[in-house]
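Good morning, and thank you for coming. I would like to take you through one structure, a few contacts at a time.

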Amino acid sequence: MKLLKSPASPFVRKVMVTLHETGQLDEVELIDVANTPLSPDSAVAAANPVGKIPALIRHDAPTLYDSRVICRFLDQRAKAGLYPDKRLFDTLTLEATADGMLEAAVLIIYEERFRPREQVSMDWIEGQWLKVSRALDALETRWMSHLAGRLDMGQIAIGCALGYLDFRHDARKWRTGHDSLAAWYEGFAQRPAMIATTPHG
Ligand SMILES: N[C@@H](CCC(=O)N[C@@H](CS)C(=O)NCC(=O)O)C(=O)O
């Protein structure tokens with residue numbers, strides 16, 4: 001299998017952490033690409049019609065894309081139990097929360113990077129940040145017991161989302177008012193899979 005990736009993408013990081021946690025890293029060739037909405041990489045466009053990474057190219061079956069699909073595939077392949085039957089819909093909702101935070105956080109970066117300065121909308125940026133902010137509040141008030149439980153894909157996704165906030169939105173100081181979440185993340189970030197996938201670039 002080949003994974004189209006970049007070292008800065010938080011969606012790719014979900015897949016990389018899953019590969020580490022499920023012991024499948026050696027089975028995937030990692031291919032770094034430079035892919036943006038304005039300069040799509042040709043290999044990415046060929047693998048995924050919506051032009052996004054991660055994409056997992058399989059030799060004997062169609063390419064998989066979207067981190068949620070890839071992570072679930074890798075979990076099933078390794079029978080790792082990261083989507084436990086007993087609390088499946090909680091796990092999926094937590095993963096969706098992380099992905100929603102990430103979509104908003106990435107869109108802010110794209111707005112600042114790829115739009116001409118005079119077209120950048122501060123209202124739109126703040127509207128995106130509000131989504132992140134509400135999700136942080138929901139994690140702090142409703143999800144701490146789930147986060148404290150056995151490792152699952154919801155936790156991995158939230159770990160990657162909080163890591164991305166540190167990486168790209170440090171100035172927003174997400175820990176303020178989210179003490180329990182910050183304490184959880186401090187421990188989670190020490191997992192070897194998280195340390196091995198620290199974003200850069
Ligand atoms: N829902 C997708 C989102 C993936 C995504 O947005 N990837 C970004 C990099 S972080 C990308 O490839 N952006 C290029 C673009 O939007 O054209 C997933 O979970 O894989």
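I shall speak about helix packing, then an aromatic pair, and finally a loop residue. Please bear in mind throughout that this is a predicted model.

Let us begin with helix H4, residues 88–114, and helix H7, residues 153–168. How do these two helices run relative to each other? Their axes come within 8 Å and cross at roughly 20 degrees. Angles under 35 degrees count as roughly parallel, so H4 is roughly parallel to H7. The crossing of the two is left-handed.

Which residues make this contact? From H4, they include Leu94, Ala98, Met101, Leu102, Ala105 and Ile109. From H7, they include Ala157, Ile158, Ala161, Leu162 and Leu165. Charged side chains also take part, among them Glu95 and Arg113 of H4 and Arg168 of H7. Sorted by class, the contact of H4 with H7 has 15 nonpolar, three polar and three charged residues.

H7 has a further partner, namely helix H1, residues 10–21. Here the axes are 9 Å apart, and the packing angle is about 135 degrees. H1 and H7 are therefore oblique to each other. The crossing of H1 with H7 is right-handed. On the H1 side, the residues involved are Pro10, Arg13, Lys14, Val17, Thr18 and Glu21. On the H7 side, they are Met153, Ile156, Ala157, Cys160, Gly163 and Tyr164. By class, this contact of H1 with H7 comprises seven nonpolar, two polar and three charged residues.

I turn now to the aromatic residues. The structure holds four aromatic pairs. One of them joins Tyr110 and Phe114, whose ring centres are 5.4 Å apart. The planes of these two rings stand at 50 degrees, and the pair is tilted. Where do the two residues sit along helix H4? Because they are four residues apart in H4, Tyr110 and Phe114 are separated by about one helical turn.

My last topic is Arg87, which lies in the loop between helix H3, residues 67–78, and H4. Which residues does Arg87 touch, if we set aside its neighbours within four places in sequence? Arg87 is in contact with His146, Gly149, Arg150 and Asp152. Arg87 and His146 are 59 residues apart in sequence, yet their C-alpha atoms are 9.4 Å apart in space. With Arg150, the side chain of Arg87 reaches the backbone oxygen at 2.7 Å.

Thank you for your attention.

Key:
Residues numbered from 1 in each chain as written. Predicted model: local features only at pLDDT ≥ 70, side-chain atom pairs only at ≥ 80, totals over all residues. Heavy atoms only, no water. Axes fitted to C-alpha atoms, helices over the stretch in contact; angles between N-to-C directions. Parallel < 35°, antiparallel > 145°, perpendicular 65-115°, else oblique. Left-handed = near helix turned anticlockwise from the far one by under 90°. Contact = heavy atoms within 4.5 Å. Polar contact = N/O pair within 3.5 Å; in protein donor to acceptor, adjacent residues only side chain to side chain. Phe/Tyr/Trp six-rings, centres within 6.5 Å; stacked < 30°, edge-to-face > 60°.
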